[in-house]
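Please look over the sequence and the model before reading the solutions.

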Amino acid sequence: MDRAPFGLIRRIGPFLWPWLALLALAALMPMTAPLFQAWFPDNPHPLYRRASFLELTLAHAILVGVSSLVAAIIGIGAALVVTSDKGRAFLPMAGALAAIGQTFPPLAVLALAVPALGYGLAPTLVALVLYTILPILEMTIAGLENVPQGVREAARGLGFSPLGLLWRVRLPLAAPFILAGLRTALIINIGTATIGSSVGALSLGSPIIEGLSASNTAYVIQGAVIVAAFAIATDRSFAAIAALRDRRA
Amino acid sequence: MIEIEAVSKSFGGTAAVSDLTLTIADGAFCVLIGPSGCGKSTVLRMINAMIAPDAGTIRVRGQDIAAQNPEHLRRQIGYAIQSVGLFPHWTVAANIVAVPRLLRWAEPRIKARLDAVMALVGIDPALLPRYPHQLSGGQQQRIGVARALAADPDIVLMDEPFAALDPPSRLALRGELSRIHAETGKTIIFVTHDLDEALGLATQIALMRQGRLVQAGAPRDMVLAPADDFVRSFFGGPQIALRRLDLVAVAQVMKQVMKPGERADAPELAAQASLRTALDTMLAHRCTWLCVKDATGRVVGTIEIADILQAS
């Protein structure tokens, strides 16, 4: 290909455009003030100004990123343990525990965590991690268990070490499942992270929570639109990764 | 040489193998056979330390395997199974050279060995860049056999490798395996419950029943000198007379010279074919005698239907 730069853009484009759109949306939100003023003529404060939307988006991304990373480490790690020969006895228990974590409403976790951890970031992270582990754990277990028995048996018989079998056979074969789990987990997480603002964590939930308590629908819409764009950008990125994998296979 | 000495193994209180002693010589094609659940697969999987025996010792190449690193041992022993178990995310080429890669061979050596194995097993080079799901069952198992042979091990373990194949693929691969054994002189331990497969491939047969070794010996001994009624019924059954013909090669009973004035205008047959094949060829051509050729295609003698009757 002689037009290499275009090739590169085409390749990273699917990752790039949704995020650029998200950033543009957050940066340009103040310019929509006249729009909201027209929509809600009686509202004296049609634009959320306590923090910039870029700042909120960044704080939200950190909240989602940190909690998802921790949940991924715990979820994938636990899945590896309970699908190993030694840990297999705990397989049903791990599923049950993760399901309980998922059923427990994040708001309730927040309420319980605040007395122990105080207000702000810490209780929010705890609630998000608990809430996000299940899809990652479940999909990782499904992916690892999906590796055919014959493949595992052959690999062992040919002389793969347990670690070699995991790294070169089981994890690559489970990767599409793990990615699907992460995709679901992240999208749930992005929506759920907004409740962190009810205990004082800065996030895209801040305008939503304040808008709800002050009956300012404009704030709610401004926060919600960016949260939605964030979720869509994340989803598109996972779709792009999946497309890359499909093309290679 | 593989020496299995007084080996026992039970799973959850049920004995799978009881006090089994068996020696497999270098270059043997040893077939472990018996009804399902007789413990033959367990014996096979104990040889490469995938299952540890409860009692007894197993020595491979003179060394107790209990004292060896199991992964290191397995990389020195070929392994092929019924479900094949090719790595679905690797190409055919990567699948074949899996063990040389584990052994960290240099790339040129791996490449050279890949070519050699493909020639040995009869693999179309066009298959190399494909993925396992693009192959037929027979092609997959051919790759499975190539993978087992890739690191050029002197010992190969095979657990019902052809059991799931359709009859034509099964026969073709049986023929290939027989030729590979003859060409390479590797020690092959082969588990099956298929009597024809056992008699067609083995130089040594070990018949098991309920975890015990009932009789071990040359295929001929198993059929002609059964130790008890179980062996007799296992190797007998219908067509026992035909099975006996399986055990004798044409070369053993053919006449070296042609009859005076005769020309080689009868159907031809390879000298290493069995008498059963000879009889089949005669029936197919509705004739009573055949020309016998050696490996180079030269006519070396004749065989008549009377010779077959006499030998049976």
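Two strands pair if DSSP finds at least two bridges between them. Helices (H or I, at least four residues) and strands (E, at least two) are DSSP runs, numbered from the N terminus. This is a predicted model, in which local features need pLDDT of at least 70 and side-chain atom pairs count only at pLDDT 80 or more, while totals for chains, interfaces and linings use all residues. Residues are numbered from 1 along each chain as its sequence is written, and chains are lettered from A and ligands numbered from 1 in the order in which they are written.

**Exercise 1. The sheet of chain B**

Work out which strands of chain B form the open sheet of 4 strands, and in what order they lie.

Solution. Start with strand S1 (residues 2-11) of chain B, which is joined by 5 bridges to the antiparallel strand S4 (residues 55-60) of chain B. Next, take strand S2 (residues 14-24) of chain B, which pairs with S1(B) over 7 bridges, again in the antiparallel sense. Putting the strands together gives the order S2-S1-S4-S5 in chain B, with antiparallel pairing. The edges of this sheet are S2 and strand S5 (63-64) of chain B, each of which pairs on one side only. Finally, look at the turn: S1(B) and S2(B) form a hairpin with 2 residues between them, and B:Gly12 in that turn has a positive phi of about 50°.

**Exercise 2. A covered helix**

Determine how many of the 8 residues of helix H1 (residues 40-47) of chain B are buried.

Solution. The term needs its cut-offs before the count: a residue is buried if 20 or more other C-beta atoms lie within 10 Å of its own, exposed if 12 or fewer, and partly exposed in between, with C-beta atoms placed from the backbone. By this rule 7 of the 8 residues in H1(B) are buried, so the helix is mostly covered. The buried residues are B:Lys40, B:Thr42, B:Val43, B:Leu44, B:Arg45, B:Met46 and B:Ile47. Just after H1(B), B:Ala49 takes a positive phi of about 65°.

**Exercise 3. The cores**

Find which residues touch the most other members of the largest nonpolar core.

Solution. A nonpolar core is a set of buried Ala, Val, Leu, Ile, Met, Phe, Trp, Tyr and Cys residues joined through C-beta atoms within 7 Å. The largest one holds 132 residues, and B:Val31, B:Leu32 and B:Ala146 touch the most other members. Helix H6 (residues 121-145) of chain A gives the most to this core, with 15 residues. A second, separate core has 10 residues, among them B:Val250, B:Met254, B:Ala278 and B:Ile303. To follow one residue further, note that two residues are in contact if their C-beta atoms, placed from the backbone, lie within 7 Å. Leaving aside neighbours within four places in sequence, B:Val31 is in contact with residues including B:Phe190, B:Ala198 and B:Ile205.

**Exercise 4. Where the chains meet**

State how many residues of chain A are in contact with chain B, and which helix supplies the largest share.

Solution. The count is 14 residues of chain A, in contact with 16 residues of chain B. On the side of chain A that touches chain B, helix H7 (149-158) and helix H8 (162-192) of chain A each supply at least two residues. The largest share, 7 residues, comes from H7(A).
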